[in-house]
Amino acid sequence: MTILGIESSCDETACAIVKDGVEVLSNVVYTQIKLHQPWGGVVPEIASRAHVEKISGVIYAAVDEAVAAGGISGLTDVDAVAVTYGPGLAPALLVGLNAAKGLAMSLGIPLIGVNHIEAHLHTPFLESNMSPEDAMPALGLAVSGGHTSWIDMPEYGTYSIIGQTLDDAAGEAFDKATKLLGLGYPGGPVIDKMAKEYAGNDFIAFPKGRPRPGTAALAGLDADLCTSFSGLKTALLNYVRGLRGDNPDAPIPDIPRICASYQKAIVDSIADRTATALKRRRYSSLSVGGGVSLNGALREALGKVADKAGVKLLMAKPKYCGDNAAMIAGLAYYRQNLAGVEAERVDVHPSLEAGEH
Ligand code: KG4
Ligand code: ZN
């Protein structure tokens, strides 16, 4: 079965064509990073306008790429259209959803609404020789600019959140740090690079992402499986203020050491909560997805955690870590029960959680 997927939940306009859930025939991603860089973060209106401008071209490019690869002879070989309907920025989601509805209706094929977080957890299976069913039960870890969640997956297609950040996501914590340090956007890749020389060291004792007492219980979650990164960002702000003293414009010394310490606080807290979650149930694998999973120190730390727990670590190829549509088209193959009977019935759901449909 050949599915065309569309993704537009944040600042990537993407389309991909995937066969039988894992064989990627084409994967086109237009990233808007340059448009948002001057603002130090994603501006929803700018994102939405850029999606409108790019979406048709990106869809055509994905079809052309799949035809050139010999995977399909044209759009008429596509069996269904899949689209991210949440979570994400409402004005951005709407662009992809409307394009997908139009395409599905004009071709007379089903439309499948896909949950973006669940799709990140599908990425380790793209172009791999492991079938998702064989990797279950799995602990899913979604670490991106918008999410940091630990998700119990007893069988493929069943998701329940067992832990998550109670405020900022890990990617957001990286992005806020580089904004504060004047190092640009997005923050994760910059900190990853700046921290390389000292990775694994903590010269500065930043808080390790522990939630304030009682906050996890309010969310109905176990505090040992949750993180909080807003205190980390404040600690960095106070540290930098202390360094600058009376001169708020003074250059910040020792940025690589600050980056290494800050990164270690995030990586240690994610590794610690993951190790705890892996002790709670018997899992076969740890399946990780999302832009932050590109982080070198995090990959290494999760490797050690998985080894110690005796589970297989499943990570996506780097090109599938960030937002893309191959993960949408891929997961849709396993979510055909969610195909809209009538395409117009699928609507955007900006605050969708994993396991919610
Ligand atoms: O999954 P993604 O592309 O979009 C969302 O769904 O949010 O993730 C984007 C996030 C950004 O916050 C970015 O700073 C972070 O992923 N990121 C990284 C790295 N590369 C991207 N974080 C840490 N280390 C990296 N190498
Ligand atoms: Zn994402």
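Predicted model: local features only at pLDDT ≥ 70, side-chain atom pairs only at ≥ 80, totals over all residues.
A salt bridge is a side-chain nitrogen of Lys or Arg within 4 Å of a carboxyl oxygen of Asp or Glu. Keep that cut-off in mind.

Glutamate 127 forms a salt bridge with lysine 319. The closest N and O atoms of the two are 3.8 Å apart, and the cut-off is 4 Å, so the pair counts.

Now step back to the whole fold. The protein has 11 helices and 11 strands. Its radius of gyration is 20 Å, close to the 21 Å that the globule rule gives for 357 residues, so the protein is as compact as a globular protein of that length. Along the principal axes, the C-alpha atoms fill a box of roughly 65 × 45 × 35 Å.

How is the protein split into domains? The domain assignment gives domain 1 as 2-123 + 320-339, and domain 2 as 134-316. Domain 1 is therefore written as two stretches of the chain, by an automatic or database assignment. The centres of the two domains, taken over C-alpha atoms, are separated by 27 Å.

Next comes the interface itself. The size of an interface is often given as the accessible area lost when the parts come together. Domain 1 and domain 2 bury about 1600 Å² between them. Of this area, 68% is on carbon and sulfur atoms. Which residues of domain 1 lose the most area to domain 2? They are Ile117, Leu121 and Cys321, which together make up 41% of what that side buries.

What about polar links between the domains? The count of salt bridges between domain 1 and domain 2 is 0. Polar contacts do occur across the interface, in 6 residue pairs.

Finally, look at the backbone. Most residues other than glycine have a negative phi, and most peptide bonds are trans. Some places in this model depart from that pattern. Phi of glutamate 127 is near 55 degrees, a positive value in a residue other than glycine. A cis peptide bond joins methionine 136 and proline 137, with omega about -5 degrees. Proline 137 is found in the loop between α4 and β6, and glutamate 127 has its place in the loop between α4 and β6 too. Another cis peptide bond joins tyrosine 185 and proline 186, with omega also about -5 degrees. Proline 186 is in the loop between α5 (170-181) and α6 (187-194).

How values were computed: Residues numbered from 1 in each chain as written. Chains lettered and ligands numbered in written order. Heavy atoms only, no water. Buried area = accessible area lost by both parts, 1.4 Å probe. Polar contact = N/O pair within 3.5 Å; in protein donor to acceptor, adjacent residues only side chain to side chain. Helix = DSSP H or I, 4+ residues; strand = E, 2+ residues; numbered from the N terminus. Rg over C-alpha atoms; globule rule 2.2 N^0.38 Å.
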